[in-house]
Amino acid sequence: MTQNPFDALGGGFDMNALLQQAQQMQEQLQQAQEQLTEQKVSGTVAGGAVSVTVNGVGELLGVDITAGQFDGTDSDDLADLSDMIIAAYRDAKAKAEAIASEAMGPLAGGLEGLGGGPGGGLGGPEGGPPSGQLGF
């Protein structure tokens with residue numbers, strides 16, 4: 001029998017075209033992720049006393065601390081420095097997430113429409129997000 005089983009749903013359903021479209025979208029998603037990995041975003045606090053750099057997927061690339069702003073022998077200053085590093089990282093990560101959302105939003109939305117969400121047919125291992133999808 002060579003009849004398409006989806007003909008009963010109104011005909012014209014081409015499973016091969018759907019799979020090809022899904023593959024193209026996955027390739028575009030992968031390219032967008034690679035571009036985000038190369039992008040650098042900075043976050044700063046306390047007028048630039050502490051700044052951090054992350055890439056477009058939120059990986060920490062560097063921490064810069066302005067000399068003379070903190071006393072390395074004072075435990076309160078060191079605690080403040082720790083808090084400022086965390087705050088600067090959160091600032092940079094929020095910017096990176098906004099860039100990633102803008103770059104990947106249309107692509108990720110298209111995959112969800114094809115069953116790529118959790119438990120969907122295009123999901124990664126154990127029904128999670130598609131392999132390689134950002135895990136913010």
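Author: Let us begin with Leu60, which is partly exposed, with a relative accessible area of 49%; buried here means under 20% relative accessible area, exposed over 50%, and partly exposed in between, with a 1.4 Å probe and protein chains only. Leu60 lies in strand β3, where strands (E, at least two residues) and helices (H or I, at least four) are DSSP runs numbered from the N terminus.

Reader: Before we go on, what kind of model is this?

Author: This is a predicted model, in which local features need pLDDT of at least 70 and side-chain atom pairs count only at pLDDT 80 or more, while totals for chains, interfaces and linings use all residues. Residues are numbered from 1 along each chain as its sequence is written, and side-chain values use heavy atoms, with hydrogens and water left out.

Reader: OK, back to Leu60: which residues form a nonpolar patch with it?

Author: Leu60 forms a surface patch with Val63 and Ile65, and together the three have about 240 Å² of accessible area, computed by the Shrake-Rupley method with a 1.4 Å probe, where for residues only the protein chains shown count as cover. Such patches take residues with over 30% relative accessible area and no salt bridge, joining nonpolar side chains (Val, Leu, Ile, Met, Phe, Trp, Tyr) within 5 Å and like charges within 9 Å; a salt bridge is a side-chain nitrogen of Lys or Arg within 4 Å of a carboxyl oxygen of Asp or Glu.

Reader: And the sheet, what's its strand order?

Author: The open sheet has three strands in the order β1-β2-β3, with antiparallel pairing, and two strands pair if DSSP finds at least two bridges between them. The edge strands are β1 (40-45) and β3, each of which pairs on one side only.

Reader: How many bridges join each pair?

Author: Six bridges join β1 to β2, with Val45 partnered by Val50 in β2, whereas five join β2 (residues 50-55) to β3 (residues 60-65), where Ser51 has Asp64 as its bridge partner.

Reader: Now Val50: buried or exposed?

Author: Val50 counts as buried, at 0% relative accessibility, and its place is in strand β2. Leaving aside residues up to four places away in sequence, Val50 touches Gly43, Thr44, Val45, Asp64, Phe70, Leu81, Met84, Ile85 and Ala88, a contact being heavy atoms within 4.5 Å. The C-alpha atoms of Val50 and Leu81 are separated by 8.0 Å, although these residues are 31 apart along the chain.

Reader: What about Thr53, and why does it count as buried?

Author: Thr53 is also in strand β2, and it counts as buried because its relative accessible area is 18%. Beyond residues up to four places away in sequence, Thr53 touches Lys40, Val41, Ser42, Glu59, Leu60, Leu61 and Gly62.

Reader: Last one, the chain overall: how do its elements run?

Author: From the N terminus on, the elements run α-β-β-β-α, and buried residues make up 25% of the 136 residues in the chain.
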